[in-house]
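Hello,

Here is the structure we spoke of handing over. My notes on it follow below.

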Amino acid sequence: MKIWSLLPSATEILFALELGDQVTGVTHECDFPAEAETKPRVTISHIDSSLSSAEIDEQVTHHFQEGRQLYGIDEERLRADPPDVIVTQDLCPVCAVSPSDFAGHIAASGCSPRIVTLNPNTIEDVLASITQVGEATGREAEAKTLVASLRARLDAVRRATAGRPKRHVLCIEWLNPPMPGGHWVPEMVAIAGGCGGPIEAGQPSWKVPWDEMRAEEAEVIVLMPCGFVTKRAAREGEAMWRLDGWCDLPAVRSGEVYCADGSAHFSRPGPRLVDGTEILARILHPEAWPHPVAPGVVLKLAGDTRFKEWG
């Protein structure tokens, strides 16, 4: 079986189900596990991700206004070495390739792969996606085992934080303009012993007015911009200090502002969301969840706009 993954989280799922040797194409963003980086890149981005948050947002807006796609497909490779299965998503046209992006390429190439479309909005949906991929690839048993292990880890966090005071948390998944985390992120916060946020669990992220986000009066803020590693999140996070009232927020005054790797642990609907939940538990209730975070995974505000390693 030849499998193309057009979604980084799907790539992570496929490798977790021991299908790495059958993956013959991945996206330009697939970077986990390390073996994924050895696979042929079959997508390209028409967005310059090296720019600032504000500039990236402007590019995306212009592309949508002009009816242009954000991503392209290697149609030559599609013809030369067609996959039997393509795993894709229909959740967010900004984050990854969607069926509308490659439908024309599939038709032009003349191949007819099985299309597995994932559309998770909650943690339960994410776990169901793993089962869905397992069923489509003959890895039902492996998927069942993986889902059971992820559930057990989530349950361990729930038990550890049960009965603890709920800390008010604001998770920000884009920095300029600021956008709060949606979909599964509110659930992750709740499991880790937190509450708050202007978006309900299972609802998509959108651009919430800053005044509304500021009114949350969060005592903990986690910057987790989609597509940014931790150090870049800290650099880009300096833009937050230009927001009206930012410095007066309880989290900022107490130094409880953290930067995390959004792609690794919060944005991608795959197995590592459980890692992200454990990270949140460590941030919110270190006395209940004392397991250390690896160096460099999380940075904490150290004064003014500077961040230091934490864990």
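**Aromatic residues**

Trp210 has a relative accessibility of 11%, so this residue counts as buried. Please keep in mind throughout that the model is predicted.

A search of the whole structure turns up five aromatic pairs. In one of them, Trp210 and Trp246 are tilted, with 40° between the planes and 6.1 Å centre to centre. Trp210 belongs to helix α8 (residues 210-214), while Trp246 is in the loop between α9 (230-236) and α10 (250-254), so the pair ties together parts that are 36 residues apart in sequence. Trp246 has a relative accessible area of 0% and is therefore buried.

Trp246 also pairs with Trp241, here edge-to-face, at 5.5 Å centre to centre and with 65° between the planes. Trp241 is at 18% relative accessibility; the cut-off for buried is under 20%, so Trp241 counts as buried. Through ring pairs, Trp210, Trp241, Trp246 and Phe307 are linked into a cluster.

**Charges over rings**

- Arg232 has its charged end over the ring of Phe228, 3.8 Å from the ring's centre.
- Arg272 lies over the face of Phe32, and the distance to the ring centre is 3.7 Å.

**Asp261**

Asp261 sits in the loop between β11 (257-260) and α11 (262-267). With neighbours within four places in sequence left aside, the contacts of Asp261 are Phe228, Val229, Thr230, Phe266 and Val297.

**Nonpolar cores**

In soluble globular proteins, nonpolar side chains tend to be buried together. In this model, the largest nonpolar core has 55 residues. Which of its members touch the most others? They are Leu17, Val87, Ile130, Val222, Ile283 and Val298. Ile130, not counting residues up to four places away in sequence, touches Ile13, Leu17, Ala143, Leu146, Val147, Leu150 and Pro271. Another core lies apart from the largest one and holds 24 residues, including Val208, Met213, Ala233 and Leu249.

Regards

How values were computed. Residues are numbered from 1 along each chain as its sequence is written. This is a predicted model: local features need pLDDT of at least 70, side-chain atom pairs count only at pLDDT 80 or more; totals for chains, interfaces and linings use all residues. Side-chain values use heavy atoms; hydrogens and water are left out. A nonpolar core is a set of buried Ala, Val, Leu, Ile, Met, Phe, Trp, Tyr and Cys residues joined through side-chain atoms within 4.5 Å. Buried means under 20% relative accessible area, exposed over 50%, partly exposed in between (1.4 Å probe, protein chains only). Contact means heavy atoms within 4.5 Å. Helices (H or I, at least four residues) and strands (E, at least two) are DSSP runs, numbered from the N terminus. Rings of Phe, Tyr and Trp (its six-membered ring) pair if their centres lie within 6.5 Å; planes under 30 degrees apart count as stacked, over 60 as edge-to-face and the rest as tilted. A charge sits over a ring if NZ of Lys or CZ of Arg is within 6 Å of the ring centre and within 35 degrees of the ring normal.
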